[in-house]
Amino acid sequence: MTDFTPDTSSLRAETLVEALPYIRRFAGKTIVVKYGGNALAGTSDHDALALFAEDIVMMRLVGMRPVVVHGGGPQISEMMTRLGKTTEFVDGLRVTDAETVGIARMVLKGQVNPQLVAAINVHGNYAVGMSGVDAGLIRATARNERLGFVGDVTEINPAVVERLLDDEFIPVIATIGSDDTGQAFNINADTVAGAIAEAVGAEKLIYLTDIEGLRSDVGDAASLIRQTTADHLDELIADGTIAGGMIPKVASCQQAVRSGVQRAHILDGRIAHVLLLELFTDDGIGTMVVPS
Ligand code: ADP
Ligand code: MG
């Protein structure tokens, strides 16, 4: 049994009251959350997913309009290995031939997406899964010929997302897009999350990843940057501080806050209830990007 000594109960009451101004501030606001494939593939897979789902449902129940965008790189790699398919890389980027984009679509839309949808819907009938192909949400074009079906976003048509939000559903989006001919493309989920946040006029864009936030020295856990601006991030990209999978997150945070999104966050998806900690407490957590 939980021990309700006067001390612990007043602390609980305090925590709830602390949430009040944030609940009021974010009521009716759209918040785009990108859940990283690496955070998803964490050691206690199922628990992490269940905790994430609780946070998303809580956001929805206090009146926010959450949108979930997810990746699945590690899950795609695992399936490729299982199918005995080797991956070719050009300049560090995965060459995506017709078979590979088929595998990516199968894993994202057939495996990762319904896992997230099901975890949320344990709590009620909220989540609707889709990919960027649905209702032309994500239009894409090939990044370059050698990479095959790796797509860049050409257009976001957010109507389906907005209608679902207006009807109080939670859209959960797998980042496969299509071009005018119906050809499918695998698109970086970080980039898509930013583009959707911009298109729906989101208040916040949140990245959940497998590190505590942006570091000013990748090798030093004590170098967490708590708050930064889009302009300062230009410098950190130019000097190589930001590398690898962090680049599309940071670029999307910059683009988002420069086009009307109030705040962008990079948070550690491995921390239990990290979304609630960021949204509902005075302290905040991880890295926050502000326009200037
Ligand atoms: P996700 O699945 O969330 O997209 P990624 O592996 O693509 O995860 O991106 C997160 C990774 O970016 C971190 O685990 C870290 O290794 C790397 N990274 C590169 N530069 C930085 C930096 N300056 N601060 C923090 N992480 C960084
Ligand atoms: Mg990544």
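**Strands, helices and a ligand**

Modeller: Let's begin with strands S6 (residues 138-142) and S7 (residues 150-156), which pair in the antiparallel sense over five bridges. Keep in mind that this is a predicted model.

Colleague: OK, and which residue in S7 is the bridge partner of Ala142?
Modeller: That's Gly151. Gly151 also stands opposite Ile187 in S10.

Colleague: How many bridges join S7 to S10, then?
Modeller: Two, and S7 and S10 (residues 184-187) run parallel.

Colleague: Now the open sheet. What's the strand order there?
Modeller: It goes S5-S8-S2-S1-S11-S13-S14-S12, eight strands with mixed pairing.

Colleague: Which ones are the edge strands?
Modeller: S5 (127-131) and S12 (227-229), and each of them pairs on one side only.

Colleague: How much are neighbouring strands turned against each other?
Modeller: By 20 degrees on average, if you ignore direction.

Colleague: Take S1 and S2 in that order: parallel or antiparallel?
Modeller: Parallel, over six bridges, with S1 covering residues 30-35 and S2 covering residues 65-70. To give you one position, Thr30 of the pair stands opposite Arg65 in S2.

Colleague: Where does helix H8 lie?
Modeller: H8 (residues 230-238) lies across S12 and S14 (287-290). Its direction is at about 90 degrees to S12.

Colleague: Switching to helices packing on helices. At what angle do H7 and H9 pack?
Modeller: About 10 degrees, and their axes are 8 Å apart. H7 is residues 189-199 and H9 is residues 246-258. Angles under 35 degrees count as roughly parallel, so H7 and H9 are roughly parallel to each other.

Colleague: Which residues make the contact?
Modeller: From H7 you have Asp190, Thr191, Gly194 and Glu198. From H9 come Pro248, Lys249, Ser252 and Gln255.

Colleague: And how does that split by class?
Modeller: One nonpolar, four polar and three charged residues.

Colleague: Last topic, ligand 1. How many residues surround it?
Modeller: There are 17, and the closest are Thr209, Asp210, Arg215, Thr241 and Lys249.

Technical notes. Residues are numbered from 1 along each chain as its sequence is written. Chains are lettered from A and ligands numbered from 1 in the order in which they are written. This is a predicted model: local features need pLDDT of at least 70, side-chain atom pairs count only at pLDDT 80 or more; totals for chains, interfaces and linings use all residues. Side-chain values use heavy atoms; hydrogens and water are left out. Axes are lines fitted to C-alpha atoms, for helices over the stretch in contact, and angles run from 0 to 180 degrees between N-to-C directions. Helices (H or I, at least four residues) and strands (E, at least two) are DSSP runs, numbered from the N terminus. Angles under 35 degrees count as roughly parallel, over 145 as roughly antiparallel, 65 to 115 as roughly perpendicular and the rest as oblique. Contact means heavy atoms within 4.5 Å. Ala, Val, Leu, Ile, Met, Phe, Trp, Tyr, Cys and Pro count as nonpolar, Asp, Glu, Lys and Arg as charged, and the others, Gly among them, as polar. Two strands pair if DSSP finds at least two bridges between them. A residue is near a molecule or strand if one of its heavy atoms lies within 4 Å of it.
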